[in-house]
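Hello,

Here is the structure I said I would pass on.

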Amino acid sequence: AGQADERAGGGRGKKKSLPTSGVPRAFYVGIPPRSVRNKAVAGQLNIVHLFEKQKMRLYYGAMRDHKFQKYVEQAQRVRFNVDAELMRLLELRLDTLVYRTGFAQTSSQARQWINHNQILVNGSPVNVKSARLRAGDVMAVRDRFAERALDACARAAAHREFVGAGSTWLPATGGPEGMLPWMVVDRSGLGAVLVREPSN
C-alpha cells in the first residue's frame, strides 16, 4: 500500500526534477548529449573546410564551385593521396605557371595577361587561363609585351623582398631564387619550359 501511495503521490521523498520542455536534461548540468556534441564538432569542421575551399578557389583563378568540383572529382580518381593530386592539377594551370615563373607580379596579373593574348604556348597565343600544360610545353611572353613584363618582374622581386618572402629573380642577376625544380626559365627571353609535372 505504501508503494502504491508513493507512486500516486508522484514519488514523495525524491528530488523534484526540473521541467525540460523537450530539452535534454544534460543541458541543465552543462554537458550536452553526445549527439549534440558531435553535431557541434561537425559544424566547426564544415566551416574550416569551407574557408579552405574558398581560399583555394580565389587563389587559383577565382573559379566557380562547379569548376573547382571538377578538379576535385578528377583528383579523387587516383584513390590515394588525393590532396597532392588536386594540387598537381591546379599547379598545371597556365595562369599558375605564369605566376610561378616570376613574370607576373600577382596571379591576377597573370590571368589578365592571358586574357589579353600576351602569353604564348609552343609559339601560339593562348587566352584560356585554365589551360593545362604538359611536360615539354614552352611558354613565353610576347615580344611586344616584354618591356611591361620586365617591369613586373622587378616589382615582384621588390615586393617579395619587402615582405620577407625571399626575392625572385631579376633580369640582371639571373639567380635561381624563387624558381621551382619542374621549370626551366629563360630570363633573357622571358620564357619557360615545363620539364616535368609538379610534385612535392
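How far apart are the closest N and O atoms in the salt bridge between Arg88 and Glu85? They are 2.8 Å apart. Please keep in mind that this is a predicted model. Arg88 and Glu85 both belong to helix α4 (residues 82-91), and because they are three residues apart there, about one helical turn separates them. Glu85 is buried, since its relative accessible area is 16% and the cut-off for buried is under 20%.

Salt bridges

Side chains of opposite charge can pair when their charged atoms come close. The structure holds eight salt bridges. One of them joins the side chains of Asp65 and Lys53, at 3.5 Å from N to O. This pair links distant parts of the chain, with Asp65 in helix α3 (residues 65-76) and Lys53 in helix α2, twelve residues apart. Asp65 also forms a salt bridge with Arg57, where the closest N and O atoms are 3.2 Å apart. Lys53, Arg57 and Asp65 are therefore linked in a network of salt bridges.

Asp65 has a relative accessible area of 42% and so is partly exposed. Lys53, at 28% relative accessibility, is partly exposed as well. Arg57 is buried, because its relative accessible area is 15%.

A nonpolar patch

On the surface, Ile47, Leu50 and Phe51 form a nonpolar patch. Together they have about 290 Å² of accessible area. Leu50 sits in helix α2 (residues 34-59), and its relative accessibility of 38% makes it partly exposed.

Helix α5

Is helix α5 enclosed or open? Helix α5 (residues 94-101) is largely enclosed by the rest of the structure, because seven of its eight residues are buried. The buried residues are Leu94, Asp95, Thr96, Leu97, Val98, Arg100 and Thr101. Just after α5 comes Gly102, which has a positive phi of about 90 degrees.

Cys153

Where is Cys153 found? Cys153 is part of helix α7 (residues 146-163). With a relative accessibility of 0%, Cys153 counts as buried.

After that, find Leu50 in the surface patch.

Regards

Methods:
Residues are numbered from 1 along each chain as its sequence is written. This is a predicted model: local features need pLDDT of at least 70, side-chain atom pairs count only at pLDDT 80 or more; totals for chains, interfaces and linings use all residues. Side-chain values use heavy atoms; hydrogens and water are left out. Patches are made of residues with over 30% relative accessible area and no salt bridge: like charges are joined within 9 Å, nonpolar side chains (Val, Leu, Ile, Met, Phe, Trp, Tyr) within 5 Å. Accessible areas come from the Shrake-Rupley method with a 1.4 Å probe; for residues, only the protein chains shown count as cover. A salt bridge is a side-chain nitrogen of Lys or Arg within 4 Å of a carboxyl oxygen of Asp or Glu. Helices (H or I, at least four residues) and strands (E, at least two) are DSSP runs, numbered from the N terminus. Buried means under 20% relative accessible area, exposed over 50%, partly exposed in between (1.4 Å probe, protein chains only).
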